Amino acid sequence: MYRILAPLCALALATSAHAQDLDTQTATELLPQAKQEGKVTVYAFTSRIGRVEQAFEAAYPGIDMITFDMSSTEQIARIKSEAQAGLPGADVIYISDAPVVLTELVANNLLASYVPPRVAGVLAEQFKTPLLAQRLSTKVLMYNEEAHPDGSPVKNLWDLTKPEWSGRVIMVDPLQRGDYLDLMTEIVLKSDEMASAYEASFGKPIMLSDGNENAGQQFIAELFANDLVLVSSTDDVNKAIGAKGQQTPPIGFTSYSDRRDNEDEGWALQVANDVAPSNGIVFPALLAINPKPASPAAARLAVDFMMGDDSETGGEGFKPFYVAGDWPTRSDIMPHEEAIPLSDFKGWQISPTETAKIRDEVADFILALQ
């Protein structure tokens, strides 16, 4: 038995030592092994990964970046099933939905943390652990600025429950996409603020209906009762809200950064920032590696590249994410000039641990409403 176990233990120790060695290497030092590996596979929750792929392959000829664009919810399911089946999966995982990622994937060693040494000193601790956060993203209230040139037609979240917005509020089904469930969960977590906002909107204290335990649940129940429109993709939300030429367009929750497509798509999306008590949530976009990557050096090289170069805008690796509505986590990358400063943004910054505690309860509550 010892003769069998000893080589296995030695191999495990050698593999672990090799990974630690790679963790300390610069991009230049990683490059020879990455070229030998020849490819790196990336799962990403954004279509912008296609532009990253082009830029990476231009920067590192001979290393093929193979990318898959899928929602965080799809990634989570795929990573779990691949681990169960013993399949290799992706080398790099670019994902949101931190409450599930941290409690189910990281906790079960299905993802590994890697922070490129080059950027460690320009990241706050909260953006380095337990996983690397590349940027901050959003799910917030957006409106059509062509139809509403004077600003958002909604000043309070509770306005969305009023008759004039019946059937005109749209979002992705929170039971299909985790980021939207995180949004609903945050509304429940911020029930005290929602109660104050109710009184500001209606001029009287909130009265909870039977079955609702707090102001957050009351809001969600009333939002659904006001014929909330649920769709399957963020693109459907953006088109419905942003399409030009509408007299009475809907309003709804989507990503602030999707304004980057206004010109190409003929949209007029704008963020409703002046909303009480908040316009939605701000959350981290996470970068991790497979604990047993097929291309360990190329995986680290890809993460290093996606964190941006040392210029003020992050260069080609960060260019797809250098837009108004995404805030870099690196302190040495300047915020986008058209972006609302994060300090002035009304979105709640989520605490993944707190969200994870009641997320399933919120999902059950929404399921009952549907």
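**Asp182**

I looked up the contacts of Asp182 first, counting a contact when heavy atoms lie within 4.5 Å. With neighbours within four places in sequence left aside, Asp182 touches Asp97, Pro99, Ile281, Thr355 and Arg359. The model is predicted, so I noted its limits: local features need pLDDT of at least 70, side-chain atom pairs count only at pLDDT 80 or more, and totals for chains, interfaces and linings use all residues. Residues are numbered from 1 along each chain as its sequence is written, and side-chain values use heavy atoms, with hydrogens and water left out.

Asp182 sits in helix α7. I take helices (H or I, at least four residues) and strands (E, at least two) as DSSP runs numbered from the N terminus. Asp182 is buried, at a relative accessible area of 2%. Buried means under 20% relative accessible area, exposed over 50%, and partly exposed in between, with a 1.4 Å probe and protein chains only.

**Helix α14**

I then went to α14, residues 352-369, which has 18 residues. From first C-alpha to last, α14 reaches 24 Å, close to the 26 Å expected at 1.5 Å a residue; the expected span is 1.5 Å times one less than the number of residues. I found a kink of about 45° in α14, centred on Ile358. The bend at a residue is the angle between axes fitted to the seven residues ending there and the seven starting there.

The buried residues of α14 include Thr355 and Arg359, both of which are in contact with Asp182. Against what do the buried residues of α14 pack? They pack against α5 (98-106), α7 (178-189) and α9 (215-225).

**Strand β3**

Next I checked β3, residues 92-95. Val92 and Tyr94 point one way, Ile93 and Ile95 the other, and all are buried. In a regular strand the side chains alternate between the two faces of the sheet.

β3 runs parallel to β1 (residues 39-44), joined by 3 bridges; two strands pair if DSSP finds at least two bridges between them. Tyr43 has Ile93 as its bridge partner in β3. With β9 (residues 280-289), β3 pairs in the antiparallel sense over 4 bridges, and Tyr94 has Leu287 as its partner there.

**Asp159**

Last, I looked at Asp159, in the loop between β4 (132-144) and β5 (169-172). Is Asp159 buried or exposed? Asp159 is buried, with a relative accessible area of 13%. Its side chain reaches the backbone nitrogen of Lys155 at 3.2 Å. Beyond its neighbours within four places in sequence, Asp159 is in contact with Val154, Trp165 and Ser201.

Notes:
Polar contact = N/O pair within 3.5 Å; in protein donor to acceptor, adjacent residues only side chain to side chain.
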